[in-house]
Amino acid sequence: MNQKTHLPLDPELATEREAPVDPETGEPLDCTRCGACCEAGPGNIPLTEDDLVLWRRAGRQDLADRVDEGHFGMMAFPTTHEGACIYLTRPEGRSICSIYEGRASTCREFQAGSWQCLEFRRDARKKGRLR
């Protein structure tokens, strides 16, 4: 695999917030009831070389081998034909990451209530995937 560029995550996206709420609904944000960031479309959940190294060290070569081309020449999680991360599961209406403990750095650093979180929620609401 060729070397990919790693663009730093916007620091605002990783800023922790106290009890974030959706400004459109006033409801507390519950990631397991949403999953909009996991349904951002092909190439939108970037991976880094560090993610690949960590997965290989953890014996998860299967994760390191299964990457797609992302935006701006980066690597990304593969997605379903609907644009959801292949590791997103929907048991009983919940949004659960099937590799949560070993998820990528982008996913670990992403914070509920960030501007991008709210943008993903707006997009999902427009598409009828979120109430």
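pLDDT is the predictor's confidence in each residue, from 0 to 100. This model is predicted. Its chain has a mean pLDDT of 87, and 86% of the residues reach 70 or more.

**Helix 1**

- Helix 1 covers residues 49-57, and its buried residues are D51, L52 and W55.
- Seen down the axis of helix 1, these buried residues fall within an arc of 100°, so they line one face of the helix.
- D50 and R57 are exposed on the other side of helix 1.
- The buried residues of helix 1 pack against two strands, strand 1 (46-47) and strand 3 (75-76).
- They also pack against helix 2 (61-65) and helix 3 (105-109).
- G59 follows helix 1 and has a positive phi, near 80°.

- An open sheet is formed by 3 strands in the order 1-3-2, with antiparallel pairing.
- Strand 1 and strand 2 (68-69) are the edge strands, and each pairs on one side only.
- The antiparallel pairing of strand 2 with strand 3 runs over 2 bridges.
- M75 in strand 3 has E69 opposite.

**Helix 4**

- Helix 4 takes in residues 115-126, which is 12 residues.
- The expected span of a helix is 1.5 Å times one less than its number of residues.
- At 1.5 Å a residue, helix 4 should therefore span 16 Å; its end C-alpha atoms are 17 Å apart, which agrees.
- C117, L118, F120, R121 and A124 are the buried residues of helix 4.
- Those buried residues fall within an arc of 160° when seen down the axis of helix 4, so they line one face of the helix.

**Nonpolar cores**

- The largest nonpolar core has 13 residues.
- L47, L52, W55, F77 and Y87 have the most contacts inside this core.
- Helix 1 and helix 2 each supply at least two residues of this core.
- L52 and W55 are also among the buried residues of helix 1.
- Another core, of 11 residues, lies apart from the largest one.
- The members of this other core include L29, A112, L118 and F120.
- L118 and F120 are also among the buried residues of helix 4.

Note on methods
Residues are numbered from 1 along each chain as its sequence is written. This is a predicted model: local features need pLDDT of at least 70, side-chain atom pairs count only at pLDDT 80 or more; totals for chains, interfaces and linings use all residues. Side-chain values use heavy atoms; hydrogens and water are left out. Buried means under 20% relative accessible area, exposed over 50%, partly exposed in between (1.4 Å probe, protein chains only). Helices (H or I, at least four residues) and strands (E, at least two) are DSSP runs, numbered from the N terminus. The arc is that of the directions from the helix axis to the C-beta atoms. Contact means heavy atoms within 4.5 Å. Two strands pair if DSSP finds at least two bridges between them. A nonpolar core is a set of buried Ala, Val, Leu, Ile, Met, Phe, Trp, Tyr and Cys residues joined through side-chain atoms within 4.5 Å.
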